Amino acid sequence: MIQIHPTAIVAPGAVLEPGVSVGPYSLIGEHVSIGAGTRIGSHCVIDGQTRIGPDNHFYRFCSIGGIPQDKKYGGEPTALEIGAGNTFREYVTINTGTVQDVGTTRLGDDNWIMAYVHIAHDCQVGSHVVMANGVQLAGHIHVGDWAILGGLSAVHQFVRIGAHAMVGGTSTIRQDIPPYMIGAGDPFRPVGINAEGLGRRGYTPAEILVLKQCYKILYRRQLNVEQAIPVLEALQVDHPDERVAVQALIDFLQASERGIVRP
């Protein structure tokens, strides 16, 4: 059963699956599709070419699927895709993509997006990500699975934040943060491996120990990224059981275009 409050406006072309509820004074655009069981609070606006999966929860005053805040945007039919089981607290804003990038802003599953977060055009956010109150993502940012961004942190456009990274509150991130790192500051400075978070997510003590060695190679030996990668590859050979974890770090470093954060 679909529940639409009498004061809500749902455009004729919108697709709402069973179990969707739309609260008072909310507006759903004609090109929006909303998956089963999704709840939309009062005074929300969801428009644009937006596809939302099942079991999401949008609290009051969210603005989802608005056009990009980009002067180059010329009205192209770009999109927003949101997965399943996400929570969006009050005043969250998420924009659609641009043709200068992939054209689609994406979020995965089971993300916890707190109040006043802004996710700009063409951002690619993984799953199980936490963004605390007031986090601001500029355009074209990639955020890996299980990353945590502390409140009031701001991220420069085109930055990549690796999986399982943890960012302390009020940080400014201008370069890429490799996977597994923890730190904070203006600018952000890594201080070690997110060992506690990795342990909670099933990483073994042996994997965490090897990743701590990776951190020392990357940040304590005065090596640049090009010099560090062969050393990391050799470490990976010596620890075949931890190969997957180390390879994810190597792959991230090889793909980095803005350079990585430094202590």
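Colleague: Which residues do ring pairs link into a cluster?

Modeller: In this predicted model, ring pairs join Phe61, Tyr91 and Tyr116 into a cluster.

Colleague: How many aromatic pairs does a search of the whole structure find?

Modeller: The search, run over the whole structure, turns up five aromatic pairs. One of them is formed by phenylalanine 58 and phenylalanine 88, and this pair is stacked, with 4.6 Å from centre to centre and 5 degrees between the planes.

Colleague: How should I read the angle, and which parts does the pair of phenylalanine 58 and phenylalanine 88 tie together?

Modeller: Planes under 30 degrees apart count as stacked, and the angle for phenylalanine 58 and phenylalanine 88 is 5 degrees. Phenylalanine 58 belongs to strand 10 (residues 57-58) and phenylalanine 88 to strand 13 (residues 87-88), so their pairing ties together parts that lie 30 residues apart in sequence. Both phenylalanine 58 and phenylalanine 88 are buried.

Colleague: What kind of aromatic pair do tyrosine 215 and tyrosine 219 form?

Modeller: Tyrosine 215 and tyrosine 219 form a tilted pair, at 5.0 Å centre to centre and with 50 degrees between the planes. The two tyrosines are four residues apart in helix 2 (residues 205-219), and therefore about one helical turn separates tyrosine 215 from tyrosine 219.

Colleague: Are tyrosine 215 and tyrosine 219 buried or exposed?

Modeller: Tyrosine 215 is buried, and tyrosine 219 is buried as well.

Colleague: Where does the charged end of arginine 89 sit?

Modeller: A charge can also sit over a ring, and here the charged end of arginine 89 is placed over the ring of tyrosine 59, 3.9 Å from its centre. Arginine 160, in turn, lies over the face of phenylalanine 252, at 4.1 Å from the ring centre.

Note on methods:
Residues numbered from 1 in each chain as written. Predicted model: local features only at pLDDT ≥ 70, side-chain atom pairs only at ≥ 80, totals over all residues. Heavy atoms only, no water. Phe/Tyr/Trp six-rings, centres within 6.5 Å; stacked < 30°, edge-to-face > 60°. Buried < 20%, exposed > 50% of the residue type's maximum accessible area, 1.4 Å probe, protein only. Lys NZ or Arg CZ within 6 Å of the ring centre and 35° of its normal.
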